[in-house]
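Hi everyone, thanks for making time. I'd like to walk you through one structure today, so let me put it up on the screen.

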Amino acid sequence: MTDSTTSAANTQLISETAHRSEWSQAWRRFSANRIALGGLVVILLLALMAIFAPLLSPYDPIDEVFRGMRGGSPTLAHPFGYDHLGRDLLSRVIFGTRVALLVGLLATGIAVTLGVVIGAIAGYSGSWIDTLISRVIDTLMAFPIIALLVVLAAVLGPSLVTTIVVIGTTGWARFARVVRADIMSLKATDFVTAARAVGVRDWRIIWRHLLPNVMGPIIVLATLGIGGIIILESALSFLGLGIRPPNPSWGGTLADGRAYILRFPHIAFFPGLMIVITVLAFNFLGDGLRDALDPRERD
Amino acid sequence: MLTYIARRILQGVVVIVLISVGTFVVIRLMPGDPTYLLLGEGEIRISKEQMEAIRARWGLDRPQHEQFFIWAWNLLRGDFGDSLIRKGIPVRQMIFEAIPVTGILNVTSLALALLVAIPAGIIAGVRRNSTFDYGTAVGSTLGVALPNFWLALMLIVLFALYVPRWFGDLPLVGRIPPFGLKSWQGYILPVLVLTTEQMAVLTRVMRASTLEVLTQDYVRTAYAKGLPNVIVLVRHAVRNALLPVVTVIGFRIAFILSGTIVVETVFAIPGIGRLFTDSIFRLDYQVVQSLVVVLAVLVVVVNLLTDLTYAIIDPRIRIN
C-alpha cells in the first residue's frame, strides 16, 4: 500500500467517524448483537405487561377467590393454575411484574445517584474524606447484603417503599467504587488541569468534564445490577420481609408456594420462572451495552 | 510485607468498628425498649423497681455512648449475653452450635465449585469459541440468573416427588430428604444449590483469566522454545490464571454468606443463616446484633487471609 492511499483511507475514516457521534456508533455495535436486542425486547414486553396489568390479567389477583380450587392445577382457563388460597396464579404473576420492575428500576436509580455523588466526592477531593468514604464502601461491600436488608426491613417495617429504600441505600457502594476510581484517574489528565487553570469551579469540572466520561461504565453496571436487585427483592419477599401479602409479588408468591411445595409445586414454579426470564433479559442487555459502550472490555 | 500486613489488619479493624457502631445504632432505632421485649409484648406486669433493676443490669439507664462501650467490651471478651427468647441460653452457645453446620455446607460447596470451575474455565479459555466454550457460557449465565431459593424449591420437587416416582431409591444415597439435617443426605440438596452459583461465577473468572494469561509474552516464549502444550498450560499459564480466582473468592465471601441465609432457611438447616432469620422473626435482638458482628468479623478475616495468600503467591502485590 502506498502512502497516498493510506492517507486517503485515513481521511475517509476520520470524516466517517466525525459525523457519527460516539452514541450512534455505540448503537450500531449494540444493534448488531442479537442476544442483547432479545433482552431489550423481553424487557419492553415486561414493561408493557406491568403497565397494562389490569387489562391483561384475566381475573382479579387479590379479591377473586375460586372456592374449592385451593392449589388447583393449571387448566385452559387458568394456564398457571390456582394459588394456595384459590386465586388465579397467572393474574398474580402478571401483577407481580409491577413490583419487580418498580423495585428494580427505582432501587437502582437511588443506588446509582448516591454512588455517583459519593464516588465523585471521594475521587475528586482525595484526602481524609476519600479515606473515610473508601472505608465505608469496603464495609458495605464486605457485608452480607441480605443480612443488612433483613435487619433494616425488620426495623422499618416491611413494605414496598421500605424495600425500595433499603435496597437503594445499601447498594450504592459498587457504583461509588467505579466512579471514584475513574474520577481519580481523570483528575490527573490535561483537560482537567486546563479547565482548572482557566478558573472553572470544582463542581462544574465534575459535572461537565468528569461525569460524562464515567457514564458509560455506570450505565452498564446499573443494567447488570438490576437483575441482582430483582433477585434481592424476591429474596426479601420470600423471607416475609418485602412486599406484604395479599399484594402480589413474585417472591411473595414463591413463599406461598414454599409452604405447599410437595403438594402444589406449580405455585412456586411460575413466579420463579418469571424471575429467571427477567434477570436473564437484564443481564443480556447489560452485556450488550458493555460491548457497545466500552469495546475495550470485550474479551 | 510487614507494613502491608499491618495496613490490611488496621483496615479490617476499622471495618469491624464501623459495622459494630452501625449495628448498635440500627438496633437502638427499633421501636420499643428491649426490657418490654423481654417481658413478651409488655403483657406481664412488673413493678417499677424490677424494671429499673433489669435496666441497670443491662446498663440501659446510662447514656448511649456508654452503653455502646459496655456492649463492645462484652463482645471483645466473648460475652454475647443471653438469648432474650430462649431464656438462659447464652448467645455464644447458639452461635457456636450453628457455625459448624454453616461451615461444612459452604466449604463443601466451595470445594466442589472449584473442582468443576477451574478445569471448565481453563478448557473454555483454551478452546475459545468451541462448543464446550459456548456450553459453559450458557451454563454460567443460567447459574447466575437462577435465584437460589427457587432452585432450592425446584430441586426439592425433583428429588422428593419425581425421582422416587421414576427411579425409586437412588444408588449410594437412597432417598434424599427434602428438609432438615437428620442424616448426611440432608446436605446434598443445599450443597447442590450453593455450588451452582459459585460454579457459574468462578468458571467465568477462570475462563477470562486464562484468556488473559494466554496472550502474555512469557506464554509465547514458552511455546517458542518448544515446550509441549500441557507443560506450557500447567506450569506457566494456569498458575498465573489462578490468581484472580483467589481474589474473587475473598471478594465473594459476603455473597456466599448471603446465599447461606436464604438456603438454610428453605431447607430448615440449623446453621448461622437460619439462626439469623429465626431470631429476626422472634425479635431476639440480642442474637441478631451479635450475629451481625460475628458475620462482619468472619468476612473481614477471610478477606484478610485471601489478600495475604495473594501477596504470598504473587510478589508483585508486595512491592506495590
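Let me start with pLDDT, which is the predictor's confidence in each residue, on a scale from 0 to 100. We need it because what you see is a predicted model. For chain B the mean pLDDT is 81, and 88% of the residues in that chain reach 70 or more. Which element of chain B has the lowest mean pLDDT? That is helix H2(B), residues 34-38, with 55, while H5(B) has the highest, 91. For the model as a whole, the scores are ipTM 0.83 and pTM 0.84.

Now to the contact between the chains. Chain A puts in 35 residues and chain B puts in 40. On the chain B side, several helices supply at least two residues each: H1 (2-29), H6 (131-145), H7 (148-167), H8 (188-214), H10 (229-267), H11 (272-281) and H12 (285-313). And what is that side made of, in terms of nonpolar, polar and charged residues? It divides into 34 nonpolar and six polar residues, with no charged ones.

Next, the annotation. UniProt, in an unreviewed entry, places the feature "transmembrane region" at several spans of chain B, among them residues 104-126 and 241-267. In the model, residues 104-126 of chain B are 100% helix, and the end C-alpha atoms lie 33 Å apart. Residues 241-267 of chain B are likewise 100% helix and 0% strand, with 36 Å between the end C-alpha atoms.

Let me finish with some backbone geometry. As a reminder, most residues other than glycine have a negative phi, and most peptide bonds are trans.

Chain A gives us a cis peptide bond, joining Pro245(A) and Pro246(A), with omega at about 10 degrees. Pro246(A) is in the loop between helix H11 (202-238) and helix H12 (250-259) of chain A.

Ser127(A) has a phi of about 55 degrees, and its place is in helix H6 of chain A, residues 127-142. Is Ser127(A) buried or exposed? Since a residue with 12 or fewer C-beta neighbours is exposed, Ser127(A) counts as exposed, because it has 8 inside 10 Å.

Over in chain B, Asn129(B) has a phi of about 65 degrees. Asn129(B) is in the loop between helix H5 (91-126) and H6 of chain B. With 9 other C-beta atoms within 10 Å, Asn129(B) is exposed too.

That's my tour, and I'm happy to take questions.

Terms used: Residues numbered from 1 in each chain as written. Chains lettered and ligands numbered in written order. Predicted model: local features only at pLDDT ≥ 70, side-chain atom pairs only at ≥ 80, totals over all residues. Contact = placed C-beta atoms within 7 Å. Helix = DSSP H or I, 4+ residues; strand = E, 2+ residues; numbered from the N terminus. Nonpolar A, V, L, I, M, F, W, Y, C, P; charged D, E, K, R; others polar. Buried ≥ 20, exposed ≤ 12 C-beta atoms within 10 Å, placed from the backbone. UniProt positions renumbered as here; feature names shortened; annotations may be inferred.
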